Amino acid sequence: MNALVLTEEKQLPQYIEMQKPTPKKGEALVNIEAAALNHRDVWITKGLYPNIHTPTILGSDGAGRVGERKVIINPNIDWGDDEAVQTLYYQILGMPENGTFAEYIVVEEDRLHDMPEHLSMEEAAALPLGGLTAFRATFTKCQIKKGDKVLISGVGGGVALFACQFAIATGAEVYVTSSSEAKIQRAIELGAKGGFLYTDENWTKQLRKEIGGVDAIIDSAAGDGFANFVKICNPAARICFYGGTRGKINNLNPQLMFWKQISIFGSTMGSDKEFGEMVEFVREHKIKPVIDQIYDLKDGVEAFKRMDAGQQFGKLVLKI
């Protein structure tokens, strides 16, 4: 079978032939029809991920068929029984286990969920990792509800867009930040109320002037800009971050935090229970993942380059 394989550390994957896997008892052979990239895949190719080994088929997101059944794959491996936190043995599909950037994959049967009927195969493939991460951040951590004022930072990436769509679907008033006015306008077209350029040093003052403050913030970057979030929080606001692309958080004002009784959460992926709830939420609200571009598997390296350049608005999908 053909696959996108990391054959050397700190190199882009290669489109090569690999042996078709054979399922054991309790496993299913999935004929993958579409898969999607995550920033995790790019970080792996740069050597910025633990326990990298080669050769490994990359990819955490995938949708396909087992016989006539249309399925999406839960990328969790060994989350465990504790809803609060994953086990020490937790892994994500696609490293070190072979992932979805291939014509076939073998997974445990309980990793499979029926594909929501309103989604195309490409849309379904875009859902798993980003949708799960956003669902936990939006509902389990920030407990976003109808009427909340919510800020999603760095809109354009997959998780941020899912968080935006999930919060809008639940009746929240959603705002976004970006370095691109075009991406802000795209978010408004999805249902966001407005947006702010975080490259403008006065964006927090503009937000407070226009909407007063926010009840929840979902962030992927951290870094020095994180300190600005405390300034725009309403009392009892919740902040959740699921990434740290801008590095360490500095200059947080503790007085503002404890006086406003602000809660800050870190979040990674989500439990198997949350994955099932996320799929049902998507089905109920007829949410469609935003897709930036679709590539053939053999051209998958171009998708890696686009993601690395930060050009995308939505998910980059590989058609297999």
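This is a predicted model: local features need pLDDT of at least 70, side-chain atom pairs count only at pLDDT 80 or more; totals for chains, interfaces and linings use all residues.
Colleague: Staying with helix 10, which of its residues are buried?

Modeller: In helix 10 (residues 300–308) they are G300, A303, F304, R306 and M307.

Colleague: What puts them on the same side of helix 10?

Modeller: The arc they cover around the axis is only 165°, so they sit on the same side of helix 10. As for partners, the buried residues of helix 10 pack against strand 1 (2–6), helix 1 (39–45), strand 17 (291–296) and strand 18 (315–319).

Colleague: Why is E302 with K305 called a salt bridge?

Modeller: The cut-off is 4 Å between a side-chain nitrogen of Lys or Arg and a carboxyl oxygen of Asp or Glu. For E302 and K305 the closest N and O atoms are 3.6 Å apart, so the pair counts as a salt bridge. Both lie in helix 10, 3 residues apart, about one turn of the helix.

Colleague: And why are E302 and K305 called partly exposed?

Modeller: Buried means under 20% and exposed over 50%, with partly exposed in between. E302 has a relative accessible area of 42% and K305 comes in at 44%, so both count as partly exposed.

Colleague: What makes R136 and E274 a link between parts that are apart in sequence?

Modeller: R136 forms a salt bridge with E274, with the closest N and O atoms 2.7 Å apart. R136 lies in helix 3 (residues 128–141) and E274 in helix 9, so the pair ties together parts 138 residues apart in sequence.

Colleague: How do you know whether R136 and E274 are buried or exposed?

Modeller: Set the values against the 20% limit for buried. R136 is at 3% relative accessibility and E274 has a relative accessible area of 3%, so both are buried.

Colleague: What about E117 and R283: where do they lie, and which is buried and which exposed?

Modeller: E117 is in the loop between strand 10 (112–114) and helix 2 (121–125), while R283 is in helix 9 (residues 272–285), 166 residues apart. They form a salt bridge, with the closest N and O atoms 3.3 Å apart. E117, at 66%, is over the 50% limit and therefore exposed. R283, at 16%, is under 20% and therefore buried.

Colleague: How many salt bridges are there in the whole structure?

Modeller: The search finds 16. D110, R111 and D272 are linked in a network of them.

Definitions and conventions
Residues are numbered from 1 along each chain as its sequence is written. Side-chain values use heavy atoms; hydrogens and water are left out. Buried means under 20% relative accessible area, exposed over 50%, partly exposed in between (1.4 Å probe, protein chains only). Helices (H or I, at least four residues) and strands (E, at least two) are DSSP runs, numbered from the N terminus. The arc is that of the directions from the helix axis to the C-beta atoms. Contact means heavy atoms within 4.5 Å.
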